[in-house]
Amino acid sequence: MNTKWGRIPLYVIATLLFGLKTYIVYRFMFSIELDNVLQEFILLINPFVSAFIIFAISVWFKKQSRQMKFLRYMAFIGSFVVFANLVFYRSYTDFITLPQLFQGSNAADLGTSVISLIKPYDIVWFFDVIIIWYLASKQQTTAIEPFKRSGKVFAVTMSMVLLAGNFFLAELERPQLFTRAFDREYLVKNIGLFNYHIYDVILHSKVKSQRVFADENEIKEIKDYIEKEIRSNEKSDLFGVAEGKNVITIWAESVQSFVINNKVNGQEITPFMNSLTEDEDTYYFENFYHQTEQGKTSDSEFLGDNSLYPLSRGAVFFTHGQNEYHGFPEMIKEHGYYSTVFHANNKSFWNRDQMYESLNYDHFYDIDSYEVNEENSVGWGLKDKSFFEQSIKYLQTLEEPFYSRFITLTNHFPFDLDDEDRSIEPYDSNSNTLNNYLPTVRYTDESIEAFFDQLKVSDLYEDSIIIIMGDHNGISANHNKAMSQLLEKEEITPYDYLQLQRVPLFIHIPGHGEGEVKSEIAGQIDIKPTLLHMLGIETDNDIYFGNDLFHDDRKGFIALRNGDFVSEDYVYTGEVCYERLTGEAIATENNHSNKEQQNNACQPIKEKVEKELSLSDNLIYGDLFRFIDFDE
Ligand code: GP9
Ligand code: MN
């Protein structure tokens, strides 16, 4: 190698070859969705960044032969990792995750089909290895000086700069990429397959070690707490009201309660849901809170199905998708129910595919079940109206009774909407987010109305109960100024902001005739026991932290995941205790004289909230459901 190429260190050539190959696989073999130029760019650079970091380690070997050996083996191992993911992807349209790989059933499934998943042309994915192998063998015999200090410094500095640059762009493209960790596809497309695998290994080692140290005796403490604080021995009036009926739930993306029965520019924002608040077959809960954290929609699903709290950091769907649970789908299965989720997004988002399996869902109608094209999509994807229209044919084929969750998408930040779908004009304030939110909420409201009509036409309506719930807030505190304008308030205080965490909950029972507006405080943690009791299913042995909403005998507070809470009398947020109905602070920062009063008012509830959140966390971290036999 006396040519010009000979002067370029082999690790750099290896980086280019291996990086290019990896890029081709990312770009053309995986169906990674790319929405903008920045995403294209990040996808282009990250294979080269990862390759450089791996191969640059070779400069530390003194002996030429060792260097070459390292490059050869790394090229092979790296290529094998890419190839293994490719084969896995052909079967699962997903990337390998450590626990999934070692989970018995998956491995067995894959084992038998692996041969059929490998194509003869796959040999091309090893061409770079062959070239690197060849060049390395040649260089091994020619005496080349070991790397000088400057060469080593270059390799290390460059590795760090590239990695930092990649992570910086990734964070720019997807804020909180690592803490929220929502999707394997996002991770791979932003930081590359190798960094993703490292992330995955660290995450799961942490989860596994916490699980190992779990203490089975904690179960008794949890059960005692539930007996004492939560469970009621009386049956609610609505126990069994929906026995044997289908349960259709609509998880309405980012719909908050402030839009209900509110007007903008003299027009109703949500005429259909407004009409439900007065409907005789519908219960509307006007003081119902979301309790989600970083896991957003997935946290609300977790709350709804398990009546456990999501985690304070990260998405429990992602971090503990392999745990054992005793969720709603599993419990109703014993009563003959078939459970499905309908959501037109890729199945690995929020790790739903794995988590739904752990929760015992029978089927997930993900994006592949829908016809999605330019015309029928906007923002995050398929428009809600088309989503419901396309879903109904699947719903009709389900064996009854069934439980289905429909997760809408159009009313998602940044609230894009086509002109033809806009029935009300955007609001006029300094926040485009809030301005655009109102027409998209209206669109979602219309899509739900249309869905009700379709259910009626398809004859499913009479045999079903329909639940509509907002999954979490869509308007953050960044838009408080605009929000105060809309709500005609001087400012949004912390108390107001906490009250804005209310999302609508409707429980619609066709033919019931006794619906009303319910004002008691309620939250997503209450969904599971409420629905189970409506279906006439006992919960005596179950573990849950919510109450039946048709019961008066309740624990008396709703805990938000950050430790704030609401009780019938008080609202506690930012370490200040307020009267719930007036919004008056019982003690303010400037007025410590009545600190004691505050303590008397909020302190006892605060202690319960902390206790309850930590018991729920322990259940999840310790994967404690694996020790409990619910059939006893
Ligand atoms: C993604 C959809 C929206 O599939 O559920 O997620 P979010 O950002 O609201 O959690
Ligand atoms: Mn959401």
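Which domains does the domain assignment of the protein give?

## Model and domains

The assignment, taken from an automatic or database source, gives domain 1 (10–210) and domain 2 (218–627). This is a predicted model, in which local features need pLDDT of at least 70 and side-chain atom pairs count only at pLDDT 80 or more, while totals for chains, interfaces and linings use all residues. Residues are numbered from 1 along each chain as its sequence is written, and side-chain values use heavy atoms, with hydrogens and water left out.

## Extent of the interface

The C-alpha centres of domain 1 and domain 2 are 40 Å apart, and the contact (heavy atoms within 4.5 Å) takes 20 residues from domain 1 and 19 residues from domain 2. About 1800 Å² is buried between the two domains, with carbon and sulfur atoms giving 45% of that area; buried area is the accessible area, for a 1.4 Å probe, that two parts lose on being put together, summed over both.

## Charged pair and the domain 1 side

One salt bridge is found across the interface of domain 1 and domain 2, the term meaning a side-chain nitrogen of Lys or Arg within 4 Å of a carboxyl oxygen of Asp or Glu. Asp353 forms a salt bridge with Arg184, and their closest N and O atoms are 3.5 Å apart.

On the side of domain 1 that touches domain 2, the elements giving two or more residues are α4 (98–102), α8 (177–180) and α9 (184–212), where helices are DSSP runs (H or I) of at least four residues, numbered from the N terminus. Of these, α9 gives the most, with seven residues.

Terms used: Chains lettered and ligands numbered in written order.
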